[in-house]
Amino acid sequence: MNQIDGLIALGIVLIAAVMMAVFAFLAQRSPFHFRDIASFRQIRRAVSMVVEDGSRLHISLGRGSLLTPFGAVALAGLSMLRQLGETTSLSDRPPISTTGDPVINLLAQETLRTAQEAVDRDKAFDATQGRITGMTPFSYVAGAMPYIRDDQVSTNVLIGNYGVEVALLAEAAEREGAAVIAASDYLPAQAVLFVATPSPLIGEELFAAGAYQQAGNFHSASLRVQDIFRWVIIVAILIGILLKLVNLL
Amino acid sequence: MKRISSAAYAIIAISTGTLVLLGYFLPQVAPFQMILLDWAVILSGFAVFVGVGNLFSVHYTKIRTRSKGYLYSFATLISMLTILLLGFVGALGFSVFTEVENVLLNGIMIPVEISLMAVLAVTLVYSSIRLLRDRVNVKSIVFILTVLFILLGAASSPWINALPFLGNFRLIISQVFATGGARGILIGVALGALMTGLRIFFGADRPYGGK
């Protein structure tokens with residue numbers, strides 16, 4: 001990255017940060033409304049079912065490591081884990097998380113512990129609720145599949161960095177008659193999830209989970225800024241096409 | 001006390017994030033960034049040990065409580081301990097044990113993963129059929145037709161390749177529509193990643209604990 005590219009990137013980050021702070025302040029006064037996404041509606045319904053029938057929620061966070069560019073999707077998954085963990089901690093069977101990365105597993109345990117303490121301080125936290133199942137793509141899937149089958153899981157939220165092997169997890173959940181809501185940042189996995197699950201989250205929708213779960217003003221604000229940036233990029237691409245058509249670029 | 005420690009975690013996380021972020025743009029901060037990233041690598045290496053402990057603990061609990069499928073947990077623990085032992089003994093200079101470890105890896109682990117890939121292929125075909133049965137809408141039909149065209153175009157059959165329109169159609173799909181769509185999705189994912197990072201930067205998301 002040369003100096004000009006670096007300054008442009010820093011500028012984008014600073015503008016995004018300022019816009020996020022401003023929109024978070026505005027969201028405090030009047031909440032933003034976003035379009036309906038079927039998967040998030042399904043998550044709310046499935047999570048209510050978990051609490052009502054005393055079954056278990058399984059959140060799979062994939063294999064994204066924080067030391068790679070795939071870390072962001074794992075962090076989005078942890079944010080989802082926090083929200084859903086808080087809602088389902090009072091269920092007869094506490095939620096479990098599975099992951100293929102040891103650092104994310106530690107964070108998942110901490111997130112589940114915080115979520116449980118938010119609703120019930122006296123109950124001791126069981127660290128085995130956060131589980132590492134395997135560190136290669138297929139060993140991770142092979143390790144996570146038995147939990148879907150044996151732990152009375154009624155809802156599976158698969159949100160993280162996966163390859164095409166995620167279809168095996170989705171299929172295992174379908175076979176058990178459990179609800180599946182899935183999202184990945186990897187394009188082939190998204191294509192596979194389109195086939196294997198009823199309503200997958202495509203593209204950046206997986207980063208919108210917090211805003212749709214009413215996780216706070218910053219989540220709504222970040223989604224609003226994301227939308228604005230996307231429109232800016234669309235307009236920039238269209239201007240580029242026009243300039244190219246008239247041979248000015 | 002908890003509030004103070006929660007605030008301290010947030011301050012450490014935000015200041016570390018600031019230094020790492022600035023290290024990409026300001027050469028003066030880059031050395032600090034490198035030190036912090038080195039620490040992160042060392043910590044993540046140690047986290048592997050903790051992860052192995054977690055794997056052991058989960059399966060040991062399953063065996064102890066005779067939970068459903070505990071025999072698989074037993075097999076997992078036996079395999080894990082065997083490989084661990086072979087690795088340690090091999091590291092002490094007994095090369096025979098290292099060879100046994102390699103044979104176990106190449107003879108069990110890799111074939112099992114390849115078998116899962118084969119199962120995956122069958123699963124995807126089955127899922128595609130179920131897609132047409134359960135979700136008959138425009139998106140599903142376009143998806144399946146596109147898959148079929150690309151598969152036909154990729155086939156090495158001479159009579160299929162002789163069809164002039166098929167090759168062009170495949171190129172248009174894969175190099176115009178698919179590439180355009182993929183770039184659009186990737187731009188969206190990149191923006192989402194930026195916003196996720198900023199939320200942690202602001203302390204709105206705290207995966208390290210605390211409200």
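Modeller: G160(A) has S184(A) as its bridge partner in β5(A). Strands here are DSSP runs of E with at least two residues, helices are runs of H or I with at least four, and both are numbered from the N terminus. This is a predicted model, in which local features need pLDDT of at least 70 and side-chain atom pairs count only at pLDDT 80 or more, while totals for chains, interfaces and linings use all residues; side-chain values use heavy atoms, with hydrogens and water left out. Residues are numbered from 1 along each chain as its sequence is written, chains are lettered from A and ligands numbered from 1 in the order in which they are written.

Strand β4 of chain A, residues 153-161, pairs with β5(A) in the parallel sense over six bridges; two strands pair if DSSP finds at least two bridges between them. Both belong to an open sheet of five strands in chain A, ordered β3-β2-β1-β4-β5 and paired in parallel. Its edge strands, each pairing on one side only, are β3 (130-132) and β5 (179-184) of chain A. On average, neighbouring strands of this sheet are turned by 15° against each other, direction ignored. Axes are lines fitted to C-alpha atoms, for helices over the stretch in contact, and angles run from 0 to 180 degrees between N-to-C directions.

Two helices are placed against these strands. Helix α2 of chain A (38-53) lies across β1 (56-62), β4 and β5 of chain A, at about 135° to β5(A). Helix α6 of chain A (166-175) also lies across β1, β4 and β5 of chain A, running at about 170° to β4(A). Contact means heavy atoms within 4.5 Å.

Elsewhere in chain A, R35(A) and E205(A) form a salt bridge, with their closest N and O atoms 3.2 Å apart. R35(A) is in the loop between α1 (3-29) and α2 of chain A and E205(A) in the loop between α7 (187-196) and α8 (209-212) of chain A, so this pair ties together parts 170 residues apart in sequence. A salt bridge is a side-chain nitrogen of Lys or Arg within 4 Å of a carboxyl oxygen of Asp or Glu.

Chain A also meets chain B: 71 residues of chain A are in contact with 61 of chain B. Two salt bridges cross this interface. D150(A) forms a salt bridge with K62(B), where the closest N and O atoms are 3.9 Å apart.
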